Amino acid sequence: MNSPRLKTKFATEPMRSFFHTLVLVFLFCSCIEAQTDDVYTGSPVAGDSAKRKPPRNYDWMKKLTYEGNLQLQLSNYTFIYLSPTIGYSPIEKVNVGLGVIYNYISINYGGSYGKVSQSVFGGHSYARYFVSDGFFVQGQYDRLRQPNVYNLNGERMKWVDYLLAGVGFRKPIGDRIGMSGTLLYNLTPSPLSIYPSRLIVQFGFMGTF
C-alpha cells in the first residue's frame, strides 16, 4: 500500500514545478520590458549639453560704421574726389576710421598748352568726436601718392602728406544711414596739394551695420 506521506509528496510536486515556472516567466518578461524601455525611451547621453556651442556675439558689429565722401567740380578745371571709409566707435561719441582716396584732376589751359590731367591714389585716417547727435569735430590725416609735377628732385611720383581739421554734420535719412557734410581746413599747404584751396568742403553719407 502506498503511504499517505508519499501521496502528499507526489500531489504537491506538480504545484512546485508550476510555481517555479511561473517565477521564471515573470523574471523573463521583466528583463524584456527593461530592455525595451532602454531602446525606445532611452536616457539623456552625458555630455550633450557640453557639446552645444554658445551663440555668437555680434554686438561688436553695431560699433562698425561705413561712409563715403565726394567732391565734384566739372568745368575747365575738373576735380573728382572719392573716399570710401570704414570706421569703429570704441566709446560713445567717438569714431575712428581708415579709408582709401581716389582723385582725378584735369585742367584745360586751352591754346597751345592743351589739357593736363592726373590721377592720385592714397589713404587716410580720421578721428571724430560728436559734440551732439548731429554735429562733430574731426581731425584727418591723408597720405597720397601723386605725380611730382614740378620734378624738383627728379622723382616722377611723390608721397604728399595732408593734415586736415574741421567740423561736420550728420542728418539721418533712415534707421541706419544718414547724409553728412564736412568743412575741413588744410593745415599743411603744399605746391603739390590736390585741393583747389585750403578750405575743403565734402559731402557724403554715413551708415552703421
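Visitor: Which residue forms a salt bridge with Asp 161?
Guide: Quick ground rules: this is a predicted model, where local features need pLDDT of at least 70, side-chain atom pairs count only at pLDDT 80 or more, and totals for chains, interfaces and linings use all residues. Side-chain values use heavy atoms, leaving out hydrogens and water, and numbering starts from 1 along each chain as its sequence is written. A salt bridge here needs a side-chain nitrogen of Lys or Arg within 4 Å of a carboxyl oxygen of Asp or Glu. For Asp 161, the closest N and O atoms are 2.7 Å apart, and the partner is Arg 143.

Visitor: Where in the chain does Arg 143 sit?
Guide: The pair links distant parts of the chain, 18 residues apart. Strands are DSSP runs of E, at least two residues long, numbered from the N terminus. Asp 161 is in strand E6, while Arg 143 lies in residues 135–147, strand E5.

Visitor: Is Asp 161 buried, exposed or partly exposed?
Guide: Buried means under 20% relative accessible area, exposed means over 50%, and partly exposed is in between (1.4 Å probe, protein chains only). Asp 161 has 35%, so the label is partly exposed.

Visitor: How many salt bridges does the whole structure have?
Guide: Besides Asp 161 with Arg 143, there's Arg 128 with Glu 67, at 2.9 Å from N to O. Arg 128 and Glu 67 are both buried. They're 61 residues apart, with Arg 128 in strand E4 and Glu 67 in strand E1. A search of the whole structure gives 2.

Visitor: What do the strands build, and how many of them are in it?
Guide: Follow them in the order E1-E2-E3-E4-E5-E6-E7-E8, with antiparallel pairing. Strands pair if DSSP finds at least two bridges between them; E7 and E8, for instance, have 9. What you get is a closed barrel, and the strand count is 8.

Visitor: Which residue in E8 is the bridge partner of Ser 180?
Guide: Strand E7 covers residues 177–186 and E8 covers residues 199–208, paired in the antiparallel sense. Ser 180 has its bridge partner in E8, namely Gly 204.

Definitions and conventions:
Helix = DSSP H or I, 4+ residues; strand = E, 2+ residues; numbered from the N terminus.
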